[in-house]
Amino acid sequence: MSFYPTLDADHLLERIATKVPAELRPNIVVIGSIAAAWAFRDISGTGAVATKDIDLLLSPAMAATAAAATLGHRLLADGWSPHYPRGFGPGNGETPTDQLPALRLSPPGETEGWFVELLAVPRAGQTTRKAWTRFETNVGHFALPSFRFMPIAVEAPDESPFGLRIARPANMALAHLLEHADPDKTPIQSVQGTPPRFVKDVGRAIALWWLANQQSPMAAGTWRDAWRSCLNRLHPESEGATWLAAHQGLTCVSDYRREAHELAVRGVLAPHQTTLDAFQRAYDGLLELIEAS
Amino acid sequence: MIERLLFELRNTRDFRAEMVSLGADLVGNASNGCLILVGPIVSSKTALKEWERLLPAFAENVRRRMTLEIRGADGEPGAQPKARSASRGIVPLDRPNYRFEIVRQLIAADLQNESPTTIGEMLDAIGASQTPIRHGLAGLKQAGLVRSTSGGAILKTEDVSQETLAKLRAVPQTLRFRFERGAQIKPPATLAQRVLPLLRPDAPQEWRTTSLSGIAAALKDVPQLDVAGLPRLDLVVQVGRNRKSLDTSFLRLLDDGLEPEPNVLAPAPVVVTLVRAAIGTPREQGIERVRMAAACDVYLSLLDAGLRDVANHYAKAVRR
């Protein structure tokens with residue numbers, strides 16, 4: 001049983017792409033579970049994904065606020081409505097930036113409960129886990145969240161036929177692992193049992209690895225090449241330290257694999273009902289891949 | 001028994017140190033020693049690999065008394081799949097069946113229209129000593145399956161059937177795999193597609209002695225074969241005749257949900273035939289350079305699958 005509505009990735013991304021002004025498309029990378037569903041759409045049942053949020057990452061950092069304002073304006077004018085899951089609405093010029101909501105927009109007439117959420121790549125040198133950047137729309141002030149390892153997640157994205165670029169699972173997984181080398185233990189309030197954030201994110205990385213192996217028996221080579229290429233470009237001076245951090249990120253769920261599995265089968269693995277045994281083997285396989293890298 | 005417990009092992013350096021310490025404790029006495037990893041953070045495979053790498057460095061009378069055990073975080077043997085995964089794929093191997101190896105060599109010669117095979121050629125190809133080969137050959141001749149000529153031994157491929165091989169105890173060791181409960185079941189045709197990149201020259205090391213056999217291979221050689229669908233995926237693995245066990249965890253790359261099928265009568269989606277000859281005879285096929293089993297192995301896999309007519313059609317086509 002999944003938490004969220006089941007969405008068809010191909011159809012949904014095409015629909016979103018038509019709403020994004022052509023000049024903004026090069027600034028957007030789709031990330032998160034919808035990106036995973038699209039990447040693994042050739043695996044039976046995976047084209048549909050259980051999610052409620054479609055994450056659109058805006059880059060580069062310097063242009064992100066302008067792009068967010070333009071995109072927000074365009075979608076609001078088209079009848080998309082702001083969505084405030086935590087109950088607090090847009091701010092004004094006096095609202096502190098860290099108290100502004102992210103901009104989440106539901107399409108007009110949509111009853112399935114999904115929405116797009118705007119995020120931004122971090123500015124150079126961001127060391128905090130999360131940072132907010134204010135931007136203004138005609139309904140008020142919002143903020144763009146930036147997570148520090150997002151540049152890894154969106155490195156060398158795949159091109160889609162509808163003009164939006166889509167993050168690669170290997171890089172999204174690596175970003176999750178690095179993010180939790182120092183595990184984020186913040187409880188996720190929106191999920192039953194309020195599990196710590198790291199359990200969900202690292203479990204997602206394991207789930208992506210399981211899916212990659214379903215897609216191709218040569219996934220290990222593909223992921224290793226993607227990781228090396230990404231790290232050579234973004235962190236050439238600290239590749240060894242990065243592997244160590246990825247190892248720490250993965251092993252932080254060592255004692256929470258059952259919980260991570262429960263969350264994953266209600267998210268990206270919902271169409272597969274992957275068994276706990278298979279999930280644990282995926283954990284082992286990912287650990288071996290990191291140790292061999 | 002001397003037991004050494006290592007909790008939550010995080011690196012191989014600590015592992016090596018504990019191994020050396022255990023080995024030192026076994027010098028000058030007759031005790032056995034066991035190194036027990038409880039809830040290791042490094043993968044079981046890494047620990048096992050390190051164990052196997054270092055073990056030869058110990059004196060024979062010490063290392064044969066040393067064992068490694070990997071337990072789950074709660075200390076129960078095999079409590080976590082993490083601990084099981086290192087050992088669950090290890091299959092004990094039967095002694096080589098030399099009658100089968102001889103039949104295999106003679107079918108190969110027959111399909112290639114070669115002259116009779118001499119004892120010397122068989123010894124070179126199989127890599128065994130004279131006694132088991134001569135003994136095996138005598139049994140096959142006595143049963144009438146193999147004939148002697150002045151130049152050596154010959155066999156007519158079409159005379160070989162699965163029943164004959166069973167009766168003569170000339171059946172190879174085969175490993176059969178099914179999907180474990182809850183796994184994503186893939187049809188054999190899908191598995192046959194997935195296996196192709198694993199059989200190319202750039203495949204992972206552990207796959208380099210494996211080749212494609214059975215119907216999937218037969219159809220690449222003889223596309224006009226009259227077969228309906230692919231009932232199973234056949235593979236051939238060449239294993240040294242002195243090997244005592246085989247780690248089948250390489251099959252996890254083909255599909256993570258495969259596990260040994262204990263019931264020999266149950267249909268299995270993946271069947272692996274073990275060939276123990278010293279000289280491998282796989283070939284590469286097509287522009288993708290997929291490693292294919294020798295025609296004799298393809299023929300024998302078809303027989304094992306109960307497809308004798310198809311096997312004979314195949315033999316006739318490849319002999320031409």
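**View 1. The β-α-β unit of chain B in a predicted model.** Strand β1(B), helix α1 (residues 12–25) of chain B and strand β2(B) form a right-handed β-α-β unit; right-handed means that, with the strands pointing away from the viewer, the path from the first strand over the helix to the second runs clockwise. Helices (H or I, at least four residues) and strands (E, at least two) are DSSP runs, numbered from the N terminus. This is a predicted model, in which local features need pLDDT of at least 70, side-chain atom pairs count only at pLDDT 80 or more, and totals for chains, interfaces and linings use all residues. Residues are numbered from 1 along each chain as its sequence is written, and chains are lettered from A and ligands numbered from 1 in the order in which they are written.

**View 2. Strand pairing in chain B.** Strand β1 (residues 2–7) of chain B pairs with strand β2 (residues 33–38) of chain B in the parallel sense, over six bridges; pairing requires that DSSP finds at least two bridges between two strands. Within this pair, B:L6 lies opposite B:L37 of β2(B).

**View 3. The two domains of chain A.** Chain A comprises domain 1 (6–151) and domain 2 (169–292), with bounds from an automatic or database domain assignment. Their centres, taken over C-alpha atoms, are separated by 23 Å.

**View 4. The contact between the domains of chain A.** In chain A, 19 residues of domain 1 are in contact with 17 residues of domain 2 (C-beta atoms, placed from the backbone, within 7 Å). On the side of domain 1 that touches domain 2, α2 (33–39), β3 (48–50) and α4 (150–153) of chain A each give two or more residues. Helix α2(A) gives the most to this side, with four residues.

Conventions
Two residues are in contact if their C-beta atoms, placed from the backbone, lie within 7 Å.
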